[in-house]
Amino acid sequence: MINDAHCDALYKMWKYDLSFESSEHLQVNYQNWIKSPVKVQCFAIFVPPEVPEEAQFSAALKMIDLFYEQIINPYHHIKQITSYRDMEELKEHEKGAMLTLEGCHPIGSDLEKLKTLLRLGVKAVGLTWNQANAVCDGIEEPRGAGLSSFGRKVVQLLNKEKIWTDLSHLSYQGFWDAIDLAEFPMASHSNAIALASHRRNLDKRQIQQLIKKNAWIGVTFVPDFLNDKMEASYLDVLHHITYFLEEGAEDCLGFGSDFDGTTEFVRGLYDPSDYYPFYQQLLHRWPNHIVWKIASQNFIKKFPR
Ligand SMILES: [Zn+2]
């Protein structure tokens, strides 16, 4: 059993008008998910920056509508996850779907909009995507600024509402500001910069601080984040896991695949059904109890409550 903290299926469904049931253009569609060991799948609301500012919030609402209309409502055995208990109570034949937000730009500088998204079921909030917004700068923003005063209010609201603050994509300064303030920090899809120099990855100090703050870290299947070569395979994912474990992240680690969020694929990990052979690879390398933690338990245990 696997829990996966990040995919962009909603974004692709919204952008290309794809059907969740069986679209072959989705890595995470119903057919692939149902034949995979993924128990809880997070679905990110990601509004691309090219959407005009005034249309971003309604685009986010549209993706939430797709989440309910195409993922939750049609299937009795897919349950929405809004609490720790929801995960604990999933039955053998059931799967869980959780809403997350990738980047706070759709809320502008309006805390009421964030409250609305939380009321609609968002359980983890990424403060930025790669660019700057009213909350913080993203990792590709040359200025590299940290949390704004509005950003501090956002994190305080997430603390109060017991929602994960997702640090993936943040500027370096933003990471340190946010991890200082957040009661429930996580990095939903980031790898180790020691093994792949992409700046979206985490350095040793960041990883140590995430561990210290009892955060959750999702290893991600984006080739550029896995090595500095032209292509990557599942073996690179195993290298990152080895590194994180050596850093002491046994109780923090999990997966945030980023399926449907990238156009380049990792050999051996093309869609959620590939988690089956991958799981066997994990069992070849690590004892059962460690694999169990990484694959599912850490995610459940760290869920804010
Ligand atoms: Zn992302």
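Reader: Hi! Which residues of α3 are buried?
Author: In α3, the buried ones are Q56, F57, A59, A60, M63, I64, L66, F67, I71 and I72. Buried means under 20% relative accessible area, with a 1.4 Å probe and protein chains only. This is a predicted model, where local features need pLDDT of at least 70, side-chain atom pairs count only at pLDDT 80 or more, and totals for chains, interfaces and linings use all residues. Residues are numbered from 1 along each chain as its sequence is written, and side-chain values use heavy atoms, leaving out hydrogens and water.

Reader: What do those buried residues of α3 pack against?
Author: They pack against α1 (9-16), α2 (30-34), β2 (38-45), β3 (78-80), β4 (95-102) and α5 (111-119). Contact here means heavy atoms within 4.5 Å. Helices (H or I, at least four residues) and strands (E, at least two) are DSSP runs, numbered from the N terminus.

Reader: Switching to the metal: which residues coordinate the zinc ion?
Author: E102 (OE), H169 (NE2) and H189 (NE2) do, at 1.9 to 2.2 Å. Donors are N, O and S atoms within 2.8 Å of the metal (3.2 Å for Na, K and Ca); water is not among the atoms, so sites may look incomplete.

Reader: And how are the donor residues spaced in sequence?
Author: The pattern is E-x66-H-x19-H. H169 sits in the loop between β6 (164-166) and α7 (172-181), and H189 in the loop between β7 (185-187) and α8 (204-212), so the pair ties together parts 20 residues apart in sequence.

Reader: Are H169 and H189 buried or exposed?
Author: H169 is buried, at a relative accessible area of 8%, and H189 is buried too, at 1%.

Reader: Last one: what follows α10?
Author: G248 does, with a positive phi near 95 degrees.

Terms used: Buried means under 20% relative accessible area, exposed over 50%, partly exposed in between (1.4 Å probe, protein chains only).
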